[in-house]
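Here is a short report for a reader new to this structure. Look at the fold as a whole, then follow the text.

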Amino acid sequence: MLQLPKNPLKPSTVFVLDLPACIDKSTIEKILSNQGFEFVEVIINRTFLLDGNIKTQGIITFQTLDKATSWVKLNEVRG
């Protein structure tokens, strides 16, 4: 169940899972800029797994819930 923040005008964070290991902060920032989105912060987390693989996740903070929702809708993968 999706829970909306009490104040939709506050910054909202989106977690992007299963990114390719080669993705870095500047790549995500360029993608956001090319799509016309402004962001507050971009963080890339990497976890080095025992099997030698790398788990890469992005954390993107947008100015408002509306901007975060618009970005997710634009980039969601349809199966």
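A residue counts as buried when its relative accessible area is under 20%. That cut-off is needed for one residue below. The model shown is predicted.

**The sheet**

Start with the strands. Three of them make an open sheet, and their order is E1-E3-E2. The pairing is antiparallel. Strands E1 and E2 are the edge strands, each pairing on one side only. On average, neighbouring strands are turned by 20° against each other, direction ignored.

Strands of a sheet pair through backbone hydrogen bonds, either parallel or antiparallel. Here, E1 and E3 pair in the antiparallel sense over six bridges. Within E3, Ile 59 stands opposite Phe 15.

**The helices**

| Helix | Residues | Strands involved | Angle |
|---|---|---|---|
| H1 | residues 25-34 | lies across E2 and E3 | about 140° to E2 |
| H2 | residues 65-75 | touches E1 and E3 | about 25° with E1 |

Helix H2 packs on the sheet. Helix H1 runs at about 140° to E2.

Is Leu 65 buried or exposed? Leu 65 belongs to helix H2. Its relative accessible area is 15%. The cut-off for buried is under 20%, so Leu 65 is buried.

Which distances separate Leu 65 from Pro 11? In sequence, the two are 54 residues apart. In space, Leu 65 and Pro 11 are 6.7 Å apart, C-alpha to C-alpha.

Technical notes. Residues are numbered from 1 along each chain as its sequence is written. This is a predicted model: local features need pLDDT of at least 70, side-chain atom pairs count only at pLDDT 80 or more; totals for chains, interfaces and linings use all residues. Side-chain values use heavy atoms; hydrogens and water are left out. Two strands pair if DSSP finds at least two bridges between them. Helices (H or I, at least four residues) and strands (E, at least two) are DSSP runs, numbered from the N terminus. Axes are lines fitted to C-alpha atoms, for helices over the stretch in contact, and angles run from 0 to 180 degrees between N-to-C directions. Contact means heavy atoms within 4.5 Å. Buried means under 20% relative accessible area, exposed over 50%, partly exposed in between (1.4 Å probe, protein chains only).
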